[in-house]
Structures are given as structure tokens and as C-alpha cells.
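Hello,

Here is the structure for you to open alongside this note. My findings follow below it.

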Amino acid sequence: MLVDVSNLSLGYEKQTVIHDISFQVEENDFIIVLGSNGVGKSTLIKGMLGLIKPLGGSIQYNTEKIGYMPQETRVDPNFPASVMEVILSGFVNKMGLRPFHNKKDKEKAYEIMEILKITHLKKKCFSELSGGQRQKVLLARSLCATDKLLILDEPSNNLDQKSKSEFYTILKHLNEGHHISIIMITHDIDNDSLIGNKVLALRTDGYYFGKTDDYMEADLWY
Ligand SMILES: Nc1ncnc2c1ncn2[C@@H]1O[C@H](COP(=O)(O)OP(=O)(O)OP(=O)(O)O)[C@@H](O)[C@H]1O
């Protein structure tokens with residue numbers, strides 16, 4: 001097991017948002033986190049990343065290698081970083097006192113770019129890319145931190161249908177071909193987005209956690 005979330009409650013000074021939820025992330029899991037706006041999806045991720053302290057319960061990790069891809073933020077058109085630079089910035093936490101990226105980081109960045117088929121973009125300026133290309137570069141950046149567990153916050157927001165399905169195909173490949181476990185938040189509740197083997201559906205009055213097939217069969221749309 002990679003992560004064991006047990007009786008977890010999370011929230012803020014005046015409000016408990018997540019009430020007593022338990023779920024496990026196993027190796028090779030691809031968990032889709034669903035729920036309407038404001039139900040607490042981002043709060044859950046903040047809790048899992050250790051950015052807010054649990055009000056109750058616990059989260060136990062059996063890996064330190066967690067890659068995180070945040071919700072898309074507006075990109076400053078004047079930000080002059082190349083694709084390669086943006087990807088390499090994913091290694092910053094691992095650099096310690098080294099002032100420059102070493103050969104190993106660069107080789108790994110190339111390897112990731114090959115997997116995501118974005119090597120041809122490496123010298124392009126990040127701010128000039130299309131939305132779909134940007135998401136792939138940010139995914140590549142988060143992969144610098146992990147080959148075990150990726151957490152993605154609404155990665156398909158603002159993508160057109162074609163870029164979205166291309167992005168989902170890449171995630172499936174990372175999960176099935178490279179054995180990276182994935183937790184993906186989405187608020188698209190169409191069938192297309194239920195691409196993982198499990199669903200965690202949050203509601204204000206409860207939650208569902210289990211196999212995607214069971215979720216769909218039981219018509220448990222949250
Ligand atoms: N920093 C904060 N301080 C206080 N309350 C917060 C904070 N961040 C979020 N909340 C509240 O917690 C609740 C859950 O918010 P959260 O962002 O986790 O929901 P969400 O499901 O991710 O929503 P969305 O789909 O809109 O991103 C909301 O009522 C929100 O107002």
C-alpha cells in the first residue's frame with residue numbers, strides 16, 4: 001500500500017470540510033476524485049500534501065516520492081522560461097546545495113519528454129505553448145519528483161475535448177505502462193473522465209470509495 005488515509009477529517013478554522021473519510025492507495029491504482037464545487041476536493045489534496053494539518057485521523061505514506069500537478073494557473077506571457085527549464089525546475093527539491101542541474105537530472109528530463117512525446121518542444125518558450133502542450137510540460141515537471149505517485153488537481157480544466165482525451169491517454173500509459181499510481185481530481189462527471197480503476201466521490205453528506213465499475217453500475221453519480 002502506498003498511502004493509508006484513515007478516519008481523516010480536514011478543514012479550516014471555522015469549518016470542517018472533510019468528515020471522517022478512509023481510503024487506501026495501492027500500487028498501480030488510478031483514483032478519480034469527484035465532487036461538486038466546494039465539496040472539499042482541493043482541501044483533501046492539501047491535506048495529502050501536508051499543507052494543512054488533519055483535524056482528526058491520519059495519513060500514512062509508504063513513499064516519499066510524490067509528484068504534484070496543481071490546477072492551471074495563468075501563465076505570465078513575459079515569463080521567459082523554456083520548456084526544458086520548466087521541466088528541470090521539477091528537480092529543485094532534490095538538488096540540495098548543488099547550484100546546477102547535473103547530468104542525471106537532464107537525462108531523466110529527456111526520458112520523461114520522450115515518454116510524453118514532447119521532446120520537440122524543449123527549446124520553445126513555455127508561455128507560447130497551447131493549453132494542451134502546457135499541461136504535458138507541467139505533467140513532465142511533476143514526474144521529475146516521482147516514479148511512484150502522482151497527484152493531479154483538475155488537469156483537464158480548460159482543455160478542449162481532443163487535448164483532454166490525449167492527456168488522459170498519456171495518464172493511462174503512465175499508470176499501466178510505467179506503474180505510476182495516480183490520484184486525479186476532476187469535476188467532469190461524464191464517463192470519459194472515469195478513466196481510473198477506482199473512484200472517490202465526495203459529497204457534503206458522505207462519500208463513496210471503491211471500484212469504478214461498481215460506482216457506475218450502482219448509478220451512484222455524485
Ligand atoms: N484557505 C481556506 N480557508 C478557509 N476556508 C477554505 C479555504 N480553502 C477552501 N475553503 C473552504 O472549504 C470548502 C471546500 O473548498 P475546496 O476548495 O476544497 O473545494 P473543491 O471541492 O476543491 O472546490 P472546486 O471544485 O471549486 O475547486 C469551501 O467551502 C471553501 O470555501
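First a definition: a residue counts as near a molecule or strand if its C-beta atom, placed from the backbone, lies within 6 Å of it. This is a predicted model, where local features need pLDDT of at least 70, side-chain atom pairs count only at pLDDT 80 or more, and totals for chains, interfaces and linings use all residues. Numbering starts from 1 along each chain as its sequence is written.

The ligand

Around the ligand sit Tyr12, Gln15, Val17, Gly35, Asn37, Gly38, Val39, Gly40, Lys41, Ser42, Thr43 and His187. Two elements give two or more residues to this shell: β2 (15–25) and α1. Helices (H or I, at least four residues) and strands (E, at least two) are DSSP runs, numbered from the N terminus. The largest share of the shell, three residues, is from α1. By type, the shell has three nonpolar, eight polar and one charged. Here Ala, Val, Leu, Ile, Met, Phe, Trp, Tyr, Cys and Pro count as nonpolar; Asp, Glu, Lys and Arg count as charged; the others, Gly among them, are polar.

The sheet

Six strands form an open sheet in the order β5-β6-β7-β3-β8-β9, with mixed pairing. The edge strands are β5 (66–69) and β9 (206–211), and each pairs on one side only. Neighbouring strands are turned by 10° against each other on average, direction ignored. Pairing here needs at least two bridges found by DSSP between two strands. β5 and β6 (residues 149–153) run parallel and are joined by four bridges. Ile66 stands opposite Leu149 in β6.

Helix α1 (residues 41–48) lies across β3 (30–34), β6, β7 (181–185) and β8 (198–203). α1 runs at about 150° to β6. Axes are lines fitted to C-alpha atoms, for helices over the stretch in contact, and angles run from 0 to 180 degrees between N-to-C directions. Contact means that the C-beta atoms of two residues, placed from the backbone, lie within 7 Å.

The domains

The domain assignment gives domain 1 (1–65 + 152–222) and domain 2 (68–145). Such bounds come from an automatic or database assignment. The C-alpha centres of the two domains lie 24 Å apart. Where do they touch? 13 residues of domain 1 are in contact with 11 residues of domain 2. On the domain 1 side, β6 and α6 (161–177) each supply at least two residues. α6 gives the most, with four residues. That side divides into six nonpolar, three polar and four charged residues.

Best wishes
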